[in-house]
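Let's take a quick tour of some side-chain contacts in this protein. Have the sequence and the 3D view ready, and look out for rings and charges.

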Amino acid sequence: MMKRTLLLAAACLAMSLPSCTPDEPDRVAIAYRHVKPAWGAHFGKPVFIRIIKEKRELELHVREEEENSWHLLKTYPIAAMSGTLGPKQAEGDLQAPEGFYEVYPSSLNPRSNHWLAFNVGYPNAYDRSLGRTGSYIMVHGGASSVGCFAITDPAIEEVYTMVHQALEAGQKYVPVQIYPFEMTPQRMQNEQDSPHHEFWQYLQPGWQFTHEHAAPYQPER
């Protein structure tokens, strides 16, 4: 027992999670029990996430086995998000990113200081090609955030559980697609003088693809 306690304490220290203790409850199991009564029929189905910064909304989409297309399961208000419209450029700029990201099993953090969390995967290869820096951009619980997306504890329990179950069932990764606004042709026209317009033109086909096909966009790797 003493050896196990020491190992757990060392793991917590290595992960920079001061709130983690050997006696901490299993947050994933707690979330599972909370979410299963309403959403158990969806567990293990493929999911993807779309975030619209201007609307401060996170959308959770799911694909049922009998369907060829995805549908919006639920929209969550973003309780806290720092920065303005436009991509994250550098570590410490307090910006939330925009782009096409992927959540893998290793992205999940069941012992976050914000209850549950997962890393969206910033910077991706495209970000790195532009020299953008930063790390640990999360979707997490709570109602405060610096550069991340806080959606409250009850909301993160639902989203985390659905992501976790999809990955456990074999989905290779969960797409997370983050847009500054609804990227309609008219809105893009209105934003043509923005310093971010060229970058937003890179994002716009992803928005259009989901609008037309009700499916997550798969950018070229």
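The charged end of Arg-132 sits over the ring of Phe-199, 4.5 Å from the ring's centre. "Over a ring" has a set meaning here: NZ of Lys or CZ of Arg is within 6 Å of the ring centre and within 35 degrees of the ring normal. This is a predicted model, where local features need pLDDT of at least 70, side-chain atom pairs count only at pLDDT 80 or more, and totals for chains, interfaces and linings use all residues. Residues are numbered from 1 along each chain as its sequence is written, and side-chain values use heavy atoms, leaving out hydrogens and water.

**Charges over rings**
- Besides Arg-132 over Phe-199, you can find Arg-187 over the face of Phe-181, at 4.1 Å from the ring centre.
- Phe-199 is buried, at 9% relative accessible area (buried is under 20%, exposed over 50%, partly exposed in between, using a 1.4 Å probe and protein chains only).

**Ring pairs**
- There are 13 aromatic pairs in the structure (rings of Phe, Tyr and Trp, the last by its six-membered ring, with centres within 6.5 Å; planes under 30 degrees apart are stacked, over 60 edge-to-face, the rest tilted).
- Tyr-126 and Phe-199 count as stacked because their ring centres are 6.3 Å apart and their planes meet at 25°.
- That pair links distant parts of the chain, 73 residues apart: Tyr-126 is in helix 3 (residues 125-129) and Phe-199 in helix 6 (residues 197-213).
- Helices (H or I, at least four residues) and strands (E, at least two) are DSSP runs, numbered from the N terminus.
- Tyr-126 is partly exposed, at 28% relative accessibility.
- Ring pairs also build a cluster, with Phe-100, Tyr-179 and Trp-207 among its members.

**Salt bridges**
- The structure has 10 salt bridges (a side-chain nitrogen of Lys or Arg within 4 Å of a carboxyl oxygen of Asp or Glu).
- Glu-64 bridges to Lys-45, with the closest N and O atoms 2.8 Å apart.
- Lys-55 and Glu-182 meet at 3.0 Å, N to O, and they sit 127 residues apart in the chain.
- Here Lys-55 is partly exposed at 38%, and Glu-182 is partly exposed at 35%.
- Glu-54, Arg-187 and Glu-191 are joined in a salt-bridge network.
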